[in-house]
Amino acid sequence: MNNVIINTDGKPPPAWSADAENFALKVLDEINRDNWELSILFCDNKKITELNRQYRKINEPTDVLSFILGETAQESDNTIYYPGDIIISLDTLRENAQYFQVTEDEELRRLLIHGILHLDGMDHGTIKKDEPMLILQEKLLNRLNNEHIIPMDGEIS
């Protein structure tokens, strides 16, 4: 059984955070992962810029960061896998949605899938659509097309 923990950077969790958790659990099911303890942090551009500068030496915001931990722990009869943390800037998510002319919900689902695939060991050298990781990302997004996190009339806030 997988578990997803949603955190916010000192702010109340968004109304849709439980739906984000459920979506991440469905992605883990789609890629056949079990006993994952996944952590997701929603933040703003200021926080993600700090992290991007500290860990990637890039002094600008980004949409999603994945920090791989890759450790296991034995709990009762189960081995729990701690893949790491996904950090998503809601500010950049909003900007991306406008730029790519998609809903904020679609962009959030895409970033969650993207972060999970990174924690699962995948990577991409470019942002070209023919990258295997990005092909899988879009396939998963299409497979989970009926799942929504943010209500159709809502925003990420």
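This is a predicted model: local features need pLDDT of at least 70, side-chain atom pairs count only at pLDDT 80 or more; totals for chains, interfaces and linings use all residues.

Modeller: α3 and α4 lie oblique to each other. Their axes come within 9 Å and cross at roughly 120 degrees, and α3 passes α4 in a right-handed crossing. On the α3 side the contact is made by Leu93, Arg94, Asn96 and Ala97, and on the α4 side by Glu104, Glu107, Leu108 and Leu111. Sorted by class, this contact has four nonpolar residues, one polar and three charged.

Next comes α1. Helix α1 covers residues 17–30 and helix α4 residues 104–119; their axes come within 10 Å and cross at roughly 45 degrees. That angle makes α1 oblique to α4, and the crossing of the two is right-handed. From α1, the residues in contact are Ala20, Phe23, Ala24, Val27 and Leu28; from α4, they are Arg109, Leu112, Ile113 and Ile116. The contact of α1 with α4 holds eight nonpolar residues, no polar ones and one charged.

The remaining partner to describe is α5. The axes of α4 and α5 are 10 Å apart, and the helices pack at an angle of about 130 degrees. They are therefore oblique to each other, and α4 passes α5 in a right-handed crossing. α4 contributes Glu106, Arg109, Arg110, Ile113, His114, Leu117 and His118 to the contact, while α5 contributes Met133, Leu134, Leu136, Gln137, Glu138, Leu140 and Leu141. By class, the residues of the contact of α4 with α5 are seven nonpolar, three polar and four charged. Arg109 and Ile113 of α4 are listed in the contact with α1 and also in the contact with α5.

Two or more lining residues come from each of β3 (64–75), α3 (90–100), α4 and α5 (132–143). The lining divides into eleven nonpolar residues, seven polar and seven charged.

Methods
Residues are numbered from 1 along each chain as its sequence is written. Side-chain values use heavy atoms; hydrogens and water are left out. Axes are lines fitted to C-alpha atoms, for helices over the stretch in contact, and angles run from 0 to 180 degrees between N-to-C directions. Helices (H or I, at least four residues) and strands (E, at least two) are DSSP runs, numbered from the N terminus. Angles under 35 degrees count as roughly parallel, over 145 as roughly antiparallel, 65 to 115 as roughly perpendicular and the rest as oblique. A crossing is left-handed if the near helix is turned anticlockwise from the far one by less than a right angle, and right-handed if clockwise. Contact means heavy atoms within 4.5 Å. Ala, Val, Leu, Ile, Met, Phe, Trp, Tyr, Cys and Pro count as nonpolar, Asp, Glu, Lys and Arg as charged, and the others, Gly among them, as polar.
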